[in-house]
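Let's take a walk through the salt bridges of this model. Have the sequence and the 3D view at hand as you read.

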Amino acid sequence: MKLSFGEKIRNLREDADLNQTQLGKALGMTQRKISYIECGKYEPNIDDIIALCNFFKVSSDYLLGLKNKP
C-alpha cells in the first residue's frame, strides 16, 4: 500500500514524538496548516517541502512518492 504525502508526514511526526503544534512551531507553520497537509486539504509549496525534508532528514523523492525509503 502506497502512503500519501500527508500520511508520510503524519508517520514521521509521530515517530519523532511530536504533536502538530510542536511540528508547526519548529517549522514556522500553524497547527492548522500541519493538519491540512496531513489530511490532504493543503498542497504544500516547495518551501514547505524543503522545510519538511530538512526537519525530518528525508529526501523529497520519498515524500513525493518517487522512492519507498526515506
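A salt bridge here is a side-chain nitrogen of Lys or Arg within 4 Å of a carboxyl oxygen of Asp or Glu. Please keep in mind that this is a predicted model, in which local features need pLDDT of at least 70, side-chain atom pairs count only at pLDDT 80 or more, and totals for chains, interfaces and linings use all residues. Residues are numbered from 1 along each chain as its sequence is written, and side-chain values use heavy atoms, with hydrogens and water left out.

Searching the whole structure turns up 3 salt bridges. Start with E38, whose side chain meets that of R13 at 2.5 Å, N to O. This pair links distant parts of the chain, with E38 in helix 3 and R13 in helix 1, 25 residues apart. (Helices, H or I of at least four residues, and strands, E of at least two, are DSSP runs numbered from the N terminus.) Both E38 and R13 are buried; buried means under 20% relative accessible area, exposed over 50%, and partly exposed in between, with a 1.4 Å probe and protein chains only.

E38 also forms a salt bridge with R10, the closest N and O atoms being 3.7 Å apart. Here R10 sits in helix 1 (residues 5-15) and E38 in helix 3 (residues 31-39), 28 residues apart. R10 is partly exposed at 27% relative accessibility, while E38 has a relative accessible area of 4%.

Now turn to D48 and K33, whose closest N and O atoms are 3.1 Å apart in a salt bridge. D48 lies in helix 4 (residues 46-56) and K33 in helix 3, so the pair ties together parts 15 residues apart in sequence. D48 is buried at 6%, and K33 is partly exposed at 22%. Finally, salt bridges with shared partners join R10, R13 and E38 into one network.
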